[in-house]
Amino acid sequence: MPDNFIDDGGAPDVGAIAVPERRRARGEIIFHAALPLALYRVADAAWTVNRGFADALELSLDPGKSYPGDIAWGHGWPKVEPLIARILNGDDDHALYDRLVETKVNGRPHRRCWTFAFSPVRENESIVAVLALSAETTRQMHAEARLTFLLDLSERLRASETTR
């Protein structure tokens, strides 16, 4: 991941997440979500991901299996690991906004932007897991860049008309 894959501050509180008891131990609930999700389980210090997450980061991961952080997050782990440590030490939540994720598809560079939000999952006041949600923001980032370009071009054209 590029160096700009950094912490941009806290994410908004989304409230408690209710997970049925029979699914809690393995984080099974995340496999059926439409959004790319990953769940870090404190008990075994491992990540479980859904298909959307593996596809988003273009990693060859099987949903339902446990992975250490460097495998689950690939090159992004050095930026994610300190956030997880802060959450486990009592911080509420963190987010990485509009981070550029560079991967290879069929040997060719592939660049997309993603926002990642990390929230603790508590049980009896103890943090038992960290939930990572993600959403692709590439189109939004491209739209903002186009708008910035058009506004800059408009200002330059107006300035050149007034100097004639």
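Helix α4 is followed by Gly 90, whose phi is positive, near 115 degrees. The model described here is predicted, so local features need pLDDT of at least 70 and side-chain atom pairs count only at pLDDT 80 or more, while totals for chains, interfaces and linings use all residues. Residues are numbered from 1 along each chain as its sequence is written, and side-chain values use heavy atoms, with hydrogens and water left out.

Helix α4 spans residues 77–88 and has 12 residues; helices (H or I, at least four residues) and strands (E, at least two) are DSSP runs, numbered from the N terminus. From first C-alpha to last, α4 reaches 16 Å, close to the 16 Å expected at 1.5 Å a residue, where the expected span is 1.5 Å times one less than the number of residues. Its buried residues are Trp 77, Val 80, Leu 83, Ile 84 and Ile 87. They cover an arc of only 125 degrees around the axis, which puts them on the same side of α4; the arc is that of the directions from the helix axis to the C-beta atoms. Buried means under 20% relative accessible area, exposed over 50%, and partly exposed in between (1.4 Å probe, protein chains only). An α-helix has 3.6 residues a turn, so residues three or four places apart point the same way.

Turning to the strands, Ser 134 lies in β5 and is buried, with a relative accessible area of 4%. A polar atom of the Ser 134 side chain lies 3.0 Å from the backbone oxygen of Pro 36. Apart from neighbours within four places in sequence, Ser 134 is in contact (heavy atoms within 4.5 Å) with Leu 35, Pro 36, Phe 53, Trp 114, Thr 115 and Phe 116.

Two loop residues also deserve a look. Most residues other than glycine have a negative phi. Ala 45, in the loop between β1 (37–41) and β2 (46–49), has a positive phi of about 50 degrees although it is not a glycine; Ala 45 is partly exposed, at 46% relative accessible area. Asn 124, in the loop between β4 (108–123) and β5 (126–136), has a positive phi of about 55 degrees and counts as exposed at 71% relative accessibility.

Taken as a whole, the protein has 5 helices and 5 strands, in the order α-β-β-α-α-α-β-β-β-α along the sequence. Of its 164 residues, 35% count as buried.

Terms used: A polar contact is a pair of N or O atoms within 3.5 Å; within protein, one must be able to donate a hydrogen and the other to accept it, and residues adjacent in sequence count only if both atoms are side-chain atoms.
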